[in-house]
Amino acid sequence: QLQLVESGGGLAQPGGSLRLSCVASGLPLNYYAIGWFRQVPGKEREGVSCVSSSGGITSYADSVKGRFTISRDIANNTAYLQMSSLKSEDTAVYYCAASRYNGLVPRGNICLIPFDSWGQGTRVIVSS
């Protein structure tokens, strides 16, 4: 059973940066596609950025393209989400998720595959 623990959330000013971390335990991270999702109360959960198990496919929500970067440190079984040029609308609880899905990727978007392991979330607040 894979366990995921996120960290790195907090308060940031508009235009600032944060790096979220997701430490995986139980199985090697590169067995899984990894995704970062976020949710604001009253809204649907949004796929922010995801990467395939091979690392060959990455996907970003249009709202974060050019500002966020997903990466993995396989040796340390950790995934990251580097967030830059933060905006108030990035305020949300961010979740790390993992998937061993090995089928077709809907519309080429890794974030649309089924994810079945989830972390507890880390809160990001962007405010001056």
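Biologist: In what order do the four strands of the open sheet stand?

Modeller: This is a predicted model, in which local features need pLDDT of at least 70, side-chain atom pairs count only at pLDDT 80 or more, and totals for chains, interfaces and linings use all residues. Residues are numbered from 1 along each chain as its sequence is written, and side-chain values use heavy atoms, with hydrogens and water left out. Strands are DSSP runs (E, at least two residues) numbered from the N terminus, and two of them pair if DSSP finds at least two bridges between them. The pairing is antiparallel, and the order is β1-β3-β8-β7.

Biologist: Which residue of β3 is the bridge partner of Glu6?

Modeller: Strand β1 (residues 3-7) and strand β3 (residues 18-25) run antiparallel and are joined by five bridges. Among the pairs, Leu4 has Ala24 as its partner in β3. For Glu6 the partner is Cys22.

Biologist: Which residue in β8 stands opposite Leu20?

Modeller: Six bridges join β3 to the antiparallel strand β8 (residues 78-83). Opposite Leu20 stands Leu81.

Biologist: How many aromatic pairs does a search of the whole structure find?

Modeller: Rings of Phe, Tyr and Trp (its six-membered ring) pair if their centres lie within 6.5 Å; planes under 30 degrees apart count as stacked, over 60 as edge-to-face and the rest as tilted. Ring pairs link Phe37, Phe115 and Trp118 into a cluster. The search finds three.

Biologist: Is Phe37 buried or exposed?

Modeller: Buried means under 20% relative accessible area, exposed over 50%, and partly exposed in between (1.4 Å probe, protein chains only). Trp118, at 30%, is partly exposed. Phe37 has a relative accessible area of 6%, so Phe37 is buried.
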